[in-house]
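I have kept to geometry and to one database record.

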Amino acid sequence: MAHLTREEVLASGTVADDYRKAFEARPIDIKGNDFFEVRASRAEHLQKLRHLYPIPGPIPDEVSESMHHVPARDGYSIRVRAYQPVKGPPEGGSPLVVMYHEGGWSMGDLTDEDLNCRMFARDLGCVCVNVEYRLAPEHQFPIGINDCWDALKWALDNAASLKATPTQGVVVGGASAGGNLAAILALLSRDTLLSPPITGQYLCVPALLPEYNVPEHLAPLYRSRNDSRSDPVLKDLQPGMIEAIYKPEEKSPLWDPFNHPDGHKGVARAYFQVGGLDPLRDEAVLYDRKLREAGVLTRFDLYAGYGHMFWTNYPEMKRSKEFVEDTLRGVRWLLGK
């Protein structure tokens, strides 16, 4: 979907009947007496649902997986998991896909992107690298984004041993916080003349524009963070909640990709997946428009009536299965296939 009208965007905020039935029948139950108990509860909640995913676990006959330890700039060892197609690369070689998990810069791990990495390796012949960057509050800004960049450069430097061919394409991607990280990396690739460059960015329900940095003329189009109260995942998102944990620099382009001081011309093409109920909806719509105005190719799928990370929390829904199928089509498009 492209060139959305404002009417279409606003209409997408009406809850879909099947989604309401799903989250009313099984409310998301994540709790704890402190932040670290909440983090553990969230991981347990998602783990209980993964048997319902289209690829519920390893598929060793089709995708081989290996663990690696990547040196960060400060000497820390970043864990990454690599995925390679068992049948070998497609003609010309395997594109490289590097994925960054969701979780508000403070939760999540490698299991969050297992499904996508296995799917991209199996169905697109990609070599995927799944990055477990450091989390806040133990490791605050900019440690997480620095880890992501260091892991990307490691993957490029070790492409031959990973059996990847970056000249066939380099895609970065992720959901929510991972989408923010991917967008920032795409800009860093352009700014540093990374070689080979990032050629595609997969921005899934991404956080792209903090509410305190919204340009005044765009304020009427930035409503979903306040208005989207039906989202069962982010309904309690409050201004400053993430910032209190992650401690980003408010104006830094390593935090806010929307207001990059050098604009967005020349950045890699982008594929968006966005929920109509998601409080992060409007910033994705605005970022898509900003990229297109800069001459960047984009593809945009809007899921009217569905919320933030709906497909991972309610994987049994028909729309969730369709979402995963769209992900595959969108990344195939990023690769020019």
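1. In these notes, contact means heavy atoms within 4.5 Å. With that cut-off, Trp 333 touches Arg 269, Ala 270, Tyr 271, Leu 297, Thr 298 and Arg 299, where residues up to four places away in sequence are not counted. Trp 333 is placed in helix α12, with helices (H or I, at least four residues) and strands (E, at least two) taken as DSSP runs and numbered from the N terminus. Between Trp 333 and Thr 298 there are 35 residues of sequence separation, while their C-alpha atoms are 9.8 Å apart in space.

2. The model is predicted, with local features requiring pLDDT of at least 70 and side-chain atom pairs counted only at pLDDT 80 or more, whereas totals for chains, interfaces and linings use all residues. Numbering starts from 1 along each chain as its sequence is written, and side-chain values use heavy atoms, with hydrogens and water left out.

3. UniProt, in an unreviewed entry, lists residues 97-311 as "domain: Alpha/beta hydrolase fold-3"; its positions are given here in the numbering of these notes, its feature names are shortened, and its annotations may be inferred rather than shown by experiment. Within the model this span is 33% helix and 16% strand, and its end C-alpha atoms lie 21 Å apart.

4. An open sheet is formed by 8 strands in the order β1-β2-β4-β3-β5-β6-β7-β8, with mixed pairing, two strands being paired if DSSP finds at least two bridges between them. At the edges stand β1 (63-71) and β8 (298-303), each of which pairs on one side only. Neighbouring strands of the sheet are turned against each other by 15 degrees on average, with direction ignored. Within it, strands β3 (residues 96-100) and β4 (residues 127-132) run parallel and are joined by 5 bridges, and Val 97 stands opposite Cys 128 in β4.

5. Helix α4 lies across β1, β2 (77-85), β3, β4 and β6, and runs at about 35 degrees to β2. Here axes are lines fitted to C-alpha atoms, for helices over the stretch in contact, and angles run from 0 to 180 degrees between N-to-C directions.

6. How many cavities of 30 Å³ or more does the rule give? The count is 1 cavity, a cavity being a set of points, on a 1 Å grid over the protein atoms alone, where a 1.4 Å probe fits but cannot get out, and lining residues having an atom within 4 Å of a point. The largest cavity holds about 250 Å³ of space, where grid points are joined across faces, edges and corners and the volume is the space filled by probe spheres set on the points. Its lining has 22 residues, with Asp 112, Leu 115, Asn 116, Trp 311 and Thr 312 nearest the centre. The largest share of that lining, 5 residues, is supplied by α12. By class the lining of this cavity has 12 nonpolar, 5 polar and 5 charged residues, with Ala, Val, Leu, Ile, Met, Phe, Trp, Tyr, Cys and Pro counted as nonpolar, Asp, Glu, Lys and Arg as charged, and the others, Gly among them, as polar.

7. The largest pocket has about 920 Å³ of space, a pocket being an open set with protein on both sides within 12 Å along at least five of seven lines. It is lined by 42 residues, of which Met 107, Val 233, Leu 234, Met 241 and Ile 242 are closest to its centre. Helix α3 gives the most to this lining, with 5 residues, and the lining as a whole divides into 23 nonpolar, 11 polar and 8 charged residues.

8. Some backbone values deserve a look. The peptide bonds from Ala 136 to Pro 137 and from Phe 141 to Pro 142 are cis, each with omega near 5 degrees. Trp 105, in the loop between β3 and α4, has a positive phi near 60 degrees.
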